[in-house]
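User: I am new to this structure and would like to learn how to read it. Please take the features one at a time.

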Amino acid sequence: MQNTFLVIIEILGTLAFAISGIRLASAKRFDWFGAYVVGLITAVGGGTLRDLLLGLTPFWMLNWSYLAVTGVALLLVIASGRYLIRMQNTFFIFDTIGLALFVVVGLEKTLAEGFPFWVAIIMGTVTGAAGGVMRDILINVEPLIFRRDIYAIACVVGGLVYWGGSLAGWQVNALQLLTAATVILIRVLAVKYHWGLPVLRGEEADGDDN
Amino acid sequence: MQNTFLVIIEILGTLAFAISGIRLASAKRFDWFGAYVVGLITAVGGGTLRDLLLGLTPFWMLNWSYLAVTGVALLLVIASGRYLIRMQNTFFIFDTIGLALFVVVGLEKTLAEGFPFWVAIIMGTVTGAAGGVMRDILINVEPLIFRRDIYAIACVVGGLVYWGGSLAGWQVNALQLLTAATVILIRVLAVKYHWGLPVLRGEEADGDDN
Amino acid sequence: MQNTFLVIIEILGTLAFAISGIRLASAKRFDWFGAYVVGLITAVGGGTLRDLLLGLTPFWMLNWSYLAVTGVALLLVIASGRYLIRMQNTFFIFDTIGLALFVVVGLEKTLAEGFPFWVAIIMGTVTGAAGGVMRDILINVEPLIFRRDIYAIACVVGGLVYWGGSLAGWQVNALQLLTAATVILIRVLAVKYHWGLPVLRGEEADGDDN
């Protein structure tokens with residue numbers, strides 16, 4: 001029962017991430033194949049980097065469903081066109097739930113490999129946020145995540161909650177729920193109240209560091 | 001006999017890929033070292049990503065010939081200068097044969113590791129096409145492959161032919177030949193008749209997805 | 001005693017690399033988190049790529065000090081602001097010493113895995129120079145290293161010195177010192193006398209290779 005629920009959440013999260021990649025690719029007038037690849041990398045890129053760093057086979061190579069879900073995302077974008085833009089809020093919800101789940105998966109997979117908590121927190125954040133960075137590199141824009149409202153920080157705080165709860169001896173289910181809820185809550189509040197980190201004040205680009 | 005033939009094809013394919021990277025680097029006024037690195041990554045980047053995803057040591061770390069061939073490519077570009085540009089068609093042939101061979105290598109290496117066919121098709125495509133994406137990221141342009149005529153799709157179709165022929169019980173040699181011929185044929189026809197996938201229609205970049 | 005010295009050098013080198021990344025991020029008006037990530041990737045990105053290519057767990061996942069040093073770098077940049085710009089020369093020294101040490105670490109780690117010297121020289125260069133390339137990709141500029149004065153070449157020559165000294169039967173300590181001194185010397189002379197490699201003469205970007 002609970003597993004079915006998690007699978008549905010994971011599919012919706014993957015779908016939301018893939019659609020975000022495909023929509024940005026469409027703004028750059030990529031063709032269908034390019035849009036599919038950008039969508040796929042947005043959805044699975046973070047988890048792939050995590051698995052490579054952990055020395056594991058990337059998760060999507062063991063289960064074709066991520067490729068299929070990205071295909072569905074492409075069909076949805078092609079079929080619905082501009083209509084999708086107006087569903088902004090719906091996507092925000094999926095995207096945020098997906099982010100929360102990706103963080104939990106990243107935390108647990110890393111701890112299962114025997115790494116300490118501080119590595120797990122990084123890997124939770126990588127799972128949630130690195131796909132978006134890869135997407136931005138592929139479409140040749142500066143990664144949004146480095147200049148925008150709280151996003152990766154929500155992943156880090158979620159990881160800290162997992163750590164704290166684990167030290168306090170909570171059960172796995174409670175840990176998962178509270179971590180996910182933390183990520184979602186911070187993300188929702190950050191967007192609602194335009195929370196952001198301070199910007200690092202700009203020296204001119206003087207071009208002589210290396 | 002046949003092995004010698006394959007080696008010659010692989011060298012010519014590597015040479016063609018390296019030259020394509022070096023020529024694009026020269027248009028950006030990179031120095032010799034930068035051009036060499038871009039040429040090398042164009043030639044071996046796809047196979048390197050494939051090997052990392054499969055958990056193998058990257059192929060070029062086991063044999064210095066890929067570095068040497070890239071060095072020859074750099075010398076050729078330096079020595080011949082603008083003359084090379086007029087050899088466009090010759091390079092197209094090498095590049096296409098190289099692409100076909102890279103796809104076959106990617107398919108077989110992945111299957112040898114025990115992965116299913118759908119993973120092998122992705123890895124064949126990664127072997128053939130990811131080096132060009134890395135090249136475009138390094139010279140800071142949007143990856144050509146996402147907006148151009150059929151290129152990666154030729155790799156995917158080649159992989160499907162390999163799969164179908166394998167299910168039909170064909171011999172390895174026939175599989176290899178027909179896969180390579182499929183990639184070459186699709187690529188040649190795509191360029192000749194300007195085949196392309198539909199472009200995903202452009203929403204404005206609204207910048208508020210993540 | 002000597003180990004303490006090496007640790008101090010490594011910390012200073014990591015600090016200098018991280019500061020170079022954070023300063024370039026600040027010129028692009030990244031927020032604190034973005035600046036931290038760019039600084040971290042500048043400092044550990046080269047070694048991470050090396051470890052992935054060698055099939056090892058990335059070094060910074062085994063020791064949290066690299067994350068902490070990057071945090072110190074961020075605090076230094078935030079606290080000192082424009083004052084840091086005038087310390088250009090101090091950073092150049094740290095950066096160059098860090099580069100030299102990173103090259104030595106890359107050489108020795110690769111040889112310890114049983115790879116031949118030509119692979120070790122590449123890995124020494126990757127350790128020293130790839131982090132800066134990743135930094136430039138993240139902030140979406142063309143990698144400086146491909147168009148600037150001698151930088152990666154200093155790593156390559158250092159590696160050749162290590163190889164030559166090793167063939168000549170020198171002791172490890174002498175090898176390390178002479179390799180590092182070579183990298184530092186070439187780098188200092190290159191900046192002082194504006195040494196650079198020839199630029200590859202520019203065909204127009206004709207956009208029809210792949």
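Analyst: Start with burial. A residue is buried if 20 or more other C-beta atoms lie within 10 Å of its own, exposed if 12 or fewer, and partly exposed in between, with C-beta atoms placed from the backbone. In chain A, buried residues make up 53% of the 210 residues. Keep in mind that this is a predicted model, in which local features need pLDDT of at least 70 and side-chain atom pairs count only at pLDDT 80 or more, while totals for chains, interfaces and linings use all residues. Residues are numbered from 1 along each chain as its sequence is written, and chains are lettered from A and ligands numbered from 1 in the order in which they are written.

User: What pLDDT does chain A average?

Analyst: pLDDT is the predictor's confidence in each residue, from 0 to 100. Chain A averages 87, and 90% of its residues score at least 70. Over residues 204-210 of chain A the pLDDT is below 50. The scores for the model are ipTM 0.88 and pTM 0.91.

User: How many helices and strands does chain A have?

Analyst: Helices (H or I, at least four residues) and strands (E, at least two) are DSSP runs, numbered from the N terminus. Chain A has seven helices and zero strands, giving the pattern α-α-α-α-α-α-α along the sequence.

User: Is Gly34(B) buried or exposed?

Analyst: Gly34(B) is buried, because 28 other C-beta atoms lie within 10 Å. Gly34(B) belongs to helix α2 (residues 32-54) of chain B. From Gly34(B) to Ile22(B), 12 residues away in sequence, the C-alpha to C-alpha separation is 8.6 Å.

User: How many residues does the contact take from chain A and from chain C?

Analyst: Two residues are in contact if their C-beta atoms, placed from the backbone, lie within 7 Å. Chain A gives 29 residues and chain C gives 33 residues. On the side of chain A that touches chain C, α2 (32-54), α5 (117-138) and α6 (152-167) each supply at least two residues. The largest share, three residues, comes from α5(A).
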